Amino acid sequence: MVDYLKIPQHIAIIMDGNGRWAKSKGLPRTVGHTNGAKALQRVVEACKKFGVKILTVYAFSTENWSRPKEEVDFLMDLFAKYLKNQSKKLAENKIRFRVLGDKSRFSKDIQESMIKLENETKDFDEFYLNVAMNYGGRSEILKATKEIASEVSSGKLDINSIDEKVFENHIYTFGQPSPDLIIRTSGEQRLSGFLLWQCSYSELYFPKIHFPDFDEEQIKLAIEEYSKRDRRYGKV
Ligand code: IPE
Ligand code: IPE
Ligand code: MG
């Protein structure tokens, strides 16, 4: 990568626009999702190549269950296939895999594949891939709150020692730094519940392009844009 660029350590992407991409080509939305999965592969490779350390992608929100049953079923099939295919690719590239979200709502088969991939890749530290599935930022905050409250009520934790560090041990991204850059494709300028705790100081970038068209060049443009930003963290 070009030396003058600042490389974000953690990039997070809301992979949006699969449906619109398909519609613009007169194709069913499902084709958009299949091509979105292909784009994800390219994006992982590009981020790794550019020296990004962590990539978090939003694949399915807690709200996405309310889509038509046929679309949800298609996405579940796609996730099942994706998770089964990843084993070799992640091992070859020494990528550590983690699911962000509540796994319990998925089929037994999908849950098993998720846990298998997390276990198989647990010793890799070259690159981290987090896939947010059945993820919602508010549910994540509530999960952490309940866990912390239960530690306080059982006497394990003193209420006055609750701080950001303690809280971060109870969210799905525990042990990882917050994203430096959050990208949402397709031009929509909202977070739709993505990483609500972690986005506190993230730079936001909203390219117009739909996710199935995302590739190495788009990642490069995003990093160039990030490089121009002046991150001040409240200082002058
Ligand atoms: C993102 O693309 C994929 C998922 C939410 C699963 P969309 O399916 O939201 O595509 P648009 O936004 O309708 O174009
Ligand atoms: C957010 O996209 C979730 C994912 C990309 C997985 P949506 O397309 O579901 O979000 P809204 O409904 O436009 O806010
Ligand atoms: Mg969408």
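**Exercises on a predicted model**

A polar side-chain atom of Asn-64 lies 2.9 Å from an oxygen atom of ligand 2. The model is predicted, so that local features need pLDDT of at least 70 and side-chain atom pairs count only at pLDDT 80 or more, while totals for chains, interfaces and linings use all residues. Residues are numbered from 1 along each chain as its sequence is written, chains are lettered from A and ligands numbered from 1 in the order in which they are written, and side-chain values use heavy atoms, with hydrogens and water left out.

**Exercise 1.** Determine which residues surround ligand 2, and examine the side chains of Asp-16 and Arg-67.

*Solution.* Step one applies the criterion that a residue is near a molecule if one of its heavy atoms lies within 4 Å of it. The residues around ligand 2 are Ile-14, Met-15, Asp-16, Tyr-58, Ala-59, Phe-60, Asn-64, Arg-67, Arg-184, Arg-190 and Ser-192. Step two turns to distances between atoms. An N or O atom in the side chain of Asp-16 is 3.2 Å from an oxygen atom of ligand 2. For Arg-67, the distance from a side-chain N or O atom to an oxygen atom of the ligand is 3.3 Å.

**Exercise 2.** State how many disulfides the model contains, and describe Cys-47 and Cys-199.

*Solution.* A disulfide is a covalent bond between the sulfur atoms of two cysteines. Step one applies the cut-off, a pair of cysteine sulfur atoms within 2.5 Å; the count comes to zero. Step two considers Cys-47, which is in no disulfide, the nearest cysteine sulfur being that of Cys-199, 19 Å away. Step three concerns accessibility, where buried means under 20% relative accessible area, exposed over 50%, and partly exposed in between (1.4 Å probe, protein chains only). Cys-47 is buried because its relative accessible area is 0%. Cys-199 is likewise in no disulfide, and its relative accessible area of 17% also makes this residue buried.

**Exercise 3.** Locate Arg-232 and classify its accessibility.

*Solution.* Helices are DSSP runs (H or I, at least four residues), numbered from the N terminus. Step one places Arg-232 in the segment after helix 7 (216–228). Step two gives its class: Arg-232 is partly exposed because its relative accessibility is 46%. Step three relates Arg-232 to Tyr-201: the two are 31 residues apart along the chain, and their C-alpha atoms are separated by 9.3 Å.

Technical notes
Helices (H or I, at least four residues) and strands (E, at least two) are DSSP runs, numbered from the N terminus. A polar contact is a pair of N or O atoms within 3.5 Å; within protein, one must be able to donate a hydrogen and the other to accept it, and residues adjacent in sequence count only if both atoms are side-chain atoms.
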